[in-house]
Protein chains: 2
Amino acid sequence: MLKIKSQIHDYTVEKFDDLQSILDSLNHQHETFYLIDRSIQYHFGSILEDKIDSHRTILIDASEEEKSFERLQPVMLELLKQGIKRNARLVVIGGGVLQDIGCFISSVLFRGIRWELIPTTLLAQADSCIGSKSSINIASYKNQIGTFYPPHRVLLTSSVLSTLPWDEIRSGLGEVIKLQLIQGKTDFEELINDLNGLSKENQSEILSKWVSRSMAVKKPYIESDEYDRNIRNILNYGHTFGHAYESATHYAIPHGIAVVLGILTATYLSSRLNLESHASYQHLKKLLFPWLTPYEGELIRSDREIIFKAIKHDKKNTGDSINCILTRGPGKMAKTKVNFEDEIKPAINDFITLELTA
Amino acid sequence: MLKIKSQIHDYTVEKFDDLQSILDSLNHQHETFYLIDRSIQYHFGSILEDKIDSHRTILIDASEEEKSFERLQPVMLELLKQGIKRNARLVVIGGGVLQDIGCFISSVLFRGIRWELIPTTLLAQADSCIGSKSSINIASYKNQIGTFYPPHRVLLTSSVLSTLPWDEIRSGLGEVIKLQLIQGKTDFEELINDLNGLSKENQSEILSKWVSRSMAVKKPYIESDEYDRNIRNILNYGHTFGHAYESATHYAIPHGIAVVLGILTATYLSSRLNLESHASYQHLKKLLFPWLTPYEGELIRSDREIIFKAIKHDKKNTGDSINCILTRGPGKMAKTKVNFEDEIKPAINDFITLELTA
């Protein structure tokens, strides 16, 4: 069991063999309500049916549209109609979208209720399930609304990952790769070595290992800077560019894969600014290419102006210069102000035109 | 200057001579956006016009309808369209409704931005401006949504109270009375003495004095139990009944006056449970009657069933018994579980039928 310290409330991460064991472990001190990803209902309906009360369950599609401020109202209203009270518990079963919705609702309903999270995607297990954040869209503005409010417990099982499509696995690996690059050269190389040997047979074991290792990297950052004002910014590595790529491709690139493209962009920009050698960048590109292709095609076909606009409007940026996480190599990331017109724009143009099509 | 400690961020309360001095004191380190009560715009338009940017201003009517989850979306969207960024500041000028809207939006926009509050009603100045809470309605459910997120600064001037209608003053005095009853006999008697001598001429001085004294009472409760899980519950004195009376009269009774009616109900119930003498209750009723009449008429005409339903559905209650703040006299309040059917229902019936009409 992993314990995470939080300024809001401390919480635990516990591993289980399967979903049934998790549901069995939910004690009944609290009246329990459920938010469940519809695809989890599809894959694990027979297990859920026996264990949960369908009159206290809301099924939600895991889509960008659902994690909007406008769509929160009917979900909260339904919970109130189902009789939820301030001493109740909300159990959220799903990936990042369900987590965002569940986190936000739990933080504002009665000014905060107990919630427990069963993350069912690799991305949610390895990265987002710890760290307290929710991100909610409003109209066409992405992720501009949110709260800090960690679950009271995170309940993990790698068994649910077996139903994920390959690109969902790769998307999760994007954040795993990011975290091990932040950790340093040895860890990153061990990861790449494991990933190159990944197969259907060893997948559960390997992913479970790197879920734990990812959390171990992330834990000190979120514990020392929960509100993301300082050192935690490092975890944003690859994200300023990645978010812009997602936006410009209308979310055709899965989040974690956009992050890998963002990591490569940040490394390329770092090499242009002589922070890191071009050879190191080329080596990283070769290692990471299998984990992003063929999504570079989406980026090549996308509208550059939307990418530039998204970067300028990123909520982390406030002037002519952009705060980027750049790198001097694995384990050596730092926040750096970079001029948008002179440095970032030409680097992105060249990265997409020359580096991805080469 | 008063300093308030908070688990979210510490903040200050500063007093000024007039609204103009407050606006002059806003430094320009932050890009500033404004949420302003439309009635403040009406009374102080010429002062505001010179000092604030109308392209970064949203005017809001201070009504129950406006402080609903459904109405937050257009306000946040307008702020985003006006170009608000995460390092901006939101200045909120108004009473409780504006504070609820401003607090909620500031806490969730970019996961929390800086906000400063200029409370313009006695109720907001003496009570709600410190303590971090926001309360938002959703559909027909009142105050079920909210956050804890104090302003970064509270900027006070008693000069704005001169435009308030008498019943707005009395409503604010309801919370002032509650706080001094919690503080104890001597303070409460000093307050009643001051109030009995209140006139147009000394109003500003007397209200300013009791705004400060109210904050002094409230401060230790919110500092030691910001999230309202324990000792801060005492501040709920009169509110379980008061909220139900507001609800059953469709908010025809101003909040603070409903609280005074709630205080009398709690004291009457305390006397029926032999916690306090009937004579003390009768004495308190005589002292407080001028501060609530003729609103007892609204209560007498209201639907009892709505009152009972509201109490049972209060977000603080979770079973057959109701958590009430009862009293053994000024300064001696305590949280007490009271059976709803056997004790509360007949006490409310008798209070309204026998005590208010006598």
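Colleague: Where is the place of H9(A)?

Modeller: H9(A) sits in the loop between β1 (2-4) and β2 (11-15) of chain A. Strands here are DSSP E runs of at least two residues, helices are H or I runs of at least four, and both are numbered from the N terminus. This is a predicted model, where local features need pLDDT of at least 70, side-chain atom pairs count only at pLDDT 80 or more, and totals for chains, interfaces and linings use all residues. Residues are numbered from 1 along each chain as its sequence is written, and side-chain values use heavy atoms, without hydrogens and water.

Colleague: Does H9(A) count as buried or exposed, and why?

Modeller: H9(A) counts as buried because its relative accessibility is 15%; buried means under 20% relative accessible area, exposed over 50%, partly exposed in between (1.4 Å probe, protein chains only).

Colleague: Which residue's side chain is in polar contact with that of H9(A)?

Modeller: That of H152(A), at 3.4 Å. A polar contact is a pair of N or O atoms within 3.5 Å; within protein, one must be able to donate a hydrogen and the other to accept it, and residues adjacent in sequence count only if both atoms are side-chain atoms. A polar atom of the H9(A) side chain also lies 2.7 Å from the backbone oxygen of P150(A).

Colleague: Switching to the interface, how many residue pairs are in polar contact between chain B and chain A?

Modeller: Twelve, with both residues at pLDDT 80 or more.

Colleague: Which element of chain B gives the most to the side that touches chain A?

Modeller: α3(B), with eight residues.

Methods: Chains lettered and ligands numbered in written order.
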